[in-house]
Amino acid sequence: MPTLPPSIRWEHGELYLLDQTRLPLETVIERQDTLEQVWDSIKRLKVRGAPAIGIAGAYGLVVGLKGKMDLPTADFLAELERQAAYLDSARPTAVNLRWALTRLVRLAQTMADAAAPQILSALEREAIQIHDEDRRLCRAIGSHGLPLIQPGMGVLTHCNAGALATSELGTALAPLYLAHDRGLEFRVYADETRPLLQGARLTSWELQQSGLDVTLICDNMAAHLMSQGLIDLVIVGTDRVAANGDVANKIGTLSVAIAAHYFGIPFYVACPYSTIDFDTPDGKAIVIEERGNAEVTEFGDRRTAPAGIAVRNPAFDVTPHTLVTGLITDQGILRPPYVETLRQHHAPVPL
Ligand code: MRU
């Protein structure tokens, strides 16, 4: 099991985030005192990973509304909607943020007869429930994905869909933690994941800390390792699954999926129901976050590109459902045609 500080902690009505931008060199935990601070922590990836930003967003709303308890109910509810829209603007691709915020807004709207302090208490309980529920979802994903892991396998993952990206076991990494716990021997290959190095800084660190056999590679080495027969299985996480099974995930995932398809290697995507968005018909409708140029023109704090160079920095890409062998969900492994299996196994949750 992961032996790490939790990425998110709610204690005595205060929100604490592990600053993931400082890992693995420093373990810094920051208390979040204002709505703006939480927005900034999500935007800068101090907290990151689809489920984790959903949980942080939910708690962030509670943090932001603490100072608004004197408002009459109607004004409090209007303020809640304003704050939820503001937090949602921090990152557009992972649907979990909007999903969690909408869940809190909907709950508050059913309490129009209550006073603001009562609504705030209910929101706090709901945020804690989202946090607890995520633990259970990760465990369920882990159990369903466990049979995919066989002794001696090489398993490739991209970005970080582990404990740091969730409340506990992760999504893509959950089957690996459970397999390791049962004494299976296998090797994980972690793509470094340029430009922000979530694979190098976070995945390789959290797996190493937890005693798994993990080998770090640069992103452009994955196809070569596949050609050498070192990769038997790919498991990645996702930021949004469209209704037809197209999946958005960290930039570079599409290249991994194409290479896996070429070499006949199964490509699985792990996701809790909170990442499935029935309002998004297909991958073309997913908004892809574009981030600042410096993430590409610099490596660490050092400039590596010429001044004035044109840059593109999409943070995510979309893998078409035709390249996805299976979706490892909290309900089981779904197979194509996803447009049907998703609807059968996961009731659409209106946002
Ligand atoms: O930009 P990030 O680090 O938030 O991107 C994270 C990913 O792409 C993860 O794979 C995804 O959110 C799933 S986390 C369980």
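The model is a predicted one.

## Cavities

Rolling a probe the size of a water molecule over the atoms shows where empty space is left. The count here is three cavities of 30 Å³ or more.

Start with the largest cavity. About 190 Å³ of space lies in it. Its lining is made up of 23 residues. Nearest the centre of the largest cavity are R48, G49, A50, N160 and D239. Two elements, α2 (50–65) and β9 (247–250), each supply at least two residues of that lining. Helix α2 has the largest share, with three residues. By class, the lining of the largest cavity holds ten nonpolar, nine polar and four charged residues.

Why does the largest cavity lie between domain 1 and domain 2? Domain 1 (8–139) and domain 2 (145–346) both give residues to its lining, so the cavity lies between them.

The second largest cavity has a volume of about 60 Å³. Its lining consists of P51, G54, I55, N96, W99, I130, D134, L137 and S274. The elements that give two or more residues to this lining are α2, α4 (95–109) and α5 (116–145). Sorted by class, the lining of the second largest cavity has five nonpolar, three polar and one charged residue.

Helix α5 also holds R136. Is R136 buried or exposed? At 54% relative accessibility, R136 counts as exposed, because the cut-off for exposed is over 50%. The C-alpha atoms of R136 and L169 are separated by 9.4 Å. Along the chain, R136 and L169 are 33 residues apart.

## Around the ligand

There are 18 residues around the ligand. Those that come nearest are R48, R91, D239, N249 and K250.

Which residues place an N or O atom by an oxygen atom of the ligand? The table gives R48, G49 and Q198.

| Residue | Protein atom | Distance to a ligand oxygen atom |
|---|---|---|
| R48 | side-chain N or O | 2.6 Å |
| G49 | backbone N or O | 3.0 Å |
| Q198 | side-chain N or O | 2.9 Å |

G49 contributes a backbone atom.

Now the open spaces. The largest pocket has a volume of about 530 Å³. It is lined by 15 residues, and T21, L196, E295, G300 and D301 lie nearest its centre. Elements α10 (294–297) and β12 (298–299) are the ones that give two or more residues to this lining. What is the class make-up of the lining of the largest pocket? It has six nonpolar, two polar and seven charged residues. Domain 1 (8–139) and domain 2 (145–346) both contribute lining residues, so the largest pocket lies between them.

The second largest pocket has a volume of about 180 Å³. Of the 16 residues that line it, H158, D219, I251, G252 and S255 are the closest to its centre. Both α8 (222–227) and α9 (253–262) supply at least two residues of the lining. Helix α9 gives the most, with three residues. By class, the lining of the second largest pocket divides into eight nonpolar, four polar and four charged residues.

Terms used: Residues are numbered from 1 along each chain as its sequence is written. This is a predicted model: local features need pLDDT of at least 70, side-chain atom pairs count only at pLDDT 80 or more; totals for chains, interfaces and linings use all residues. Side-chain values use heavy atoms; hydrogens and water are left out. On a 1 Å grid over the protein atoms alone, a cavity is a set of points where a 1.4 Å probe fits but cannot get out, and a pocket is an open set with protein on both sides within 12 Å along at least five of seven lines; lining residues have an atom within 4 Å of a point. Grid points are joined across faces, edges and corners, and a volume is the space filled by probe spheres set on the points. Helices (H or I, at least four residues) and strands (E, at least two) are DSSP runs, numbered from the N terminus. Ala, Val, Leu, Ile, Met, Phe, Trp, Tyr, Cys and Pro count as nonpolar, Asp, Glu, Lys and Arg as charged, and the others, Gly among them, as polar. Domain bounds come from an automatic or database domain assignment. Buried means under 20% relative accessible area, exposed over 50%, partly exposed in between (1.4 Å probe, protein chains only). A residue is near a molecule or strand if one of its heavy atoms lies within 4 Å of it. A polar contact is a pair of N or O atoms within 3.5 Å; within protein, one must be able to donate a hydrogen and the other to accept it, and residues adjacent in sequence count only if both atoms are side-chain atoms.
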